[in-house]
Amino acid sequence: MPVILHRYNFPTEVWFGAGARGLLPDKLKEAGVRRPLLVSDKGVSRQPFFDDIRRLCGAAAVYAEISGNPVESHARGALEAYDDGACDGIVAVGGGAAIDVAKAVAVMTGHKGRLFSYAEGVPGQKPISGKVPPILALPTTAGTGSEVGRSTVISEDDSHVKRIIFSPKLMPRAALLDPELTLGLPGPVTAATGMDAVTHLIESYITAGDYNPLCDGVALEGLRLAAKSLKRCVTHPGDVSARGDMMNAALMGATAFQKGLGATHSCAHALSTVTDMHHGLGNGIMIPTVMAFNRSVCRPRFKILEATVGARDLVAWLRALNKAVGIPATLAAAGVKKEALPKLVAAALADPCHQLNPRPVRRKDFERLFAKAWAG
Ligand SMILES: [Zn+2]
């Protein structure tokens with residue numbers, strides 16, 4: 001009998017609570033960082049708390065030029081700021097884009113050549129064998145959970161092709177989850193990032209990926225929190241308690257998906273590449289259709305998910321949640337042109353996430369999924 005071993009790994013130090021940003025000076029000291037680069041995006045740098053964070057971390061340099069999906073030129077710009085400031089560590093404040101750029105800069109500081117020569121699956125992929133400076137992460141959205149992840153997703157500037165760079169060294173030293181930082185998040189971003197978290201929680205729970213009952217427990221409690229509080233975050237954006245629930249749900253989603261994800265993510269990745277759609281918005285629109293496709297092969301797990309969210313039918317619940325938070329019901333309503341569908345099918349097929357979908361997805365399945373999600 002071959003020995004099959006399963007690894008459970010929950011290593012990130014997390015501090016949660018209103019005002020958690022106040023721990024920044026202590027955590028930087030513990031990590032031995034004296035001259036941090038502060039990485040953020042344009043929108044966040046205009047928020048009232050930004051100057052507070054700049055002061056708390058004693059930033060030696062600031063790079064806050066990120067907008068939209070993170071691309072290679074953002075990472076190059078941030079590296080320049082890092083070098084100019086003679087920095088020795090990175091504080092990332094923002095959504096997944098800012099945290100992912102921070103991780104990319106961390107790689108570039110000690111690894112020569114083009115960033116993408118270290119990306120997963122490129123010909124002659126180089127190993128991340130050198131030093132990587134410490135990263136502290138302060139998320140300002142509740143969605144990607146990049147603050148506990150060990151990979152970064154950066155797109156090529158021209159082609160928008162997403163490249164994944166993975167190394168346990170990219171895991172932030174600590175994540176400071178301060179729900180006050182999410183209070184200014186606009187409704188559509190709250191909704192889209194929240195549906196990304198919901199998709200992580202559901203896809204990881206039913207994935208054909210690794211056996212990991214700890215992750216399963218994390219996914220269910222995370223989904224319960226999201227079911228309780230996502231809508232409230234959109235209707236009552238200043239509710240710190242609901243915002244806190246969603247920050248935890250997002251963190252738990254990213255923790256759970258070390259098991260694997262599924263076809264919804266392949267569709268969302270295709271939508272980002274082909275139409276530059278926000279990742280969470282793509283997941284939100286696609287997940288009801290993909291879950292209707294999956295239902296026949298995961299009935300027992302669907303029952304548990306339905307009990308967790310307090311609904312009879314997971315697919316109907318997802319459609320209702322989308323409606324309640326303002327996510328369009330179809331790709332057409334989100335502005336995707338019908339001519340884009342063949343490109344979307346090709347990009348989704350090429351994406352690795354669907355390989356762990358509980359029901360195998362072939363080309364004709366993706367054709368049907370996108371056609372259904374387009375027209376409704
Ligand atoms: Zn995602």
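Biologist: At roughly what angle do the axes of helix α1 (residues 24–31) and helix α3 (residues 49–57) cross?

Modeller: This is a predicted model, in which local features need pLDDT of at least 70 and side-chain atom pairs count only at pLDDT 80 or more, while totals for chains, interfaces and linings use all residues. Residues are numbered from 1 along each chain as its sequence is written. Helices (H or I, at least four residues) and strands (E, at least two) are DSSP runs, numbered from the N terminus, and axes are lines fitted to C-alpha atoms, for helices over the stretch in contact, with angles from 0 to 180 degrees between N-to-C directions. The axes of α1 and α3 come within 8 Å, and they cross at roughly 40°.

Biologist: Which residues of α1 and α3 make the contact?

Modeller: Two residues are in contact if their C-beta atoms, placed from the backbone, lie within 7 Å. By class, this contact has six nonpolar, no polar and no charged residues; Ala, Val, Leu, Ile, Met, Phe, Trp, Tyr, Cys and Pro count as nonpolar, Asp, Glu, Lys and Arg as charged, and the others, Gly among them, as polar. The residues are Leu24, Pro25 and Leu28 of α1 and Ile53, Leu56 and Cys57 of α3.

Biologist: Is Tyr205 buried or exposed?

Modeller: A residue is buried if 20 or more other C-beta atoms lie within 10 Å of its own, exposed if 12 or fewer, and partly exposed in between, with C-beta atoms placed from the backbone. Tyr205 lies in helix α6 (residues 187–206), and its contacts beyond four places in sequence are Asp216, Ala219, Leu220, Arg301 and Leu305. Because Tyr205 has 27 other C-beta atoms within 10 Å, it is buried.

Biologist: How far apart are the C-alpha centres of domain 1 and domain 2?

Modeller: Domain bounds come from an automatic or database domain assignment, which gives domain 1 (13–181) and domain 2 (185–375). In contact are 22 residues of domain 1 and 24 residues of domain 2; the domain 1 side divides into nine nonpolar, 10 polar and three charged residues. The distance between the two C-alpha centres is 25 Å.

Biologist: Which helices do the buried residues of α13 pack against?

Modeller: Helix α13 covers residues 341–350, and its buried residues are Leu344, Val345, Ala347 and Ala348. They pack against α9 (263–275) and α14 (363–375).

Biologist: What separates the C-alpha atoms of Val240 and Leu181?

Modeller: Val240 is in helix α8 (residues 240–256) and is partly exposed, because 14 other C-beta atoms lie within 10 Å. Not counting residues up to four places away in sequence, Val240 touches Ala18, Pro179 and Glu180. Val240 and Leu181 are 59 residues apart along the chain, and their C-alpha atoms are separated by 9.7 Å.

Biologist: Near what value is phi of Asp276?

Modeller: Asp276 lies in the loop between α9 and α10 (279–294), and it is exposed, with 11 other C-beta atoms within 10 Å. Its phi is positive in a residue other than glycine, near 60°.
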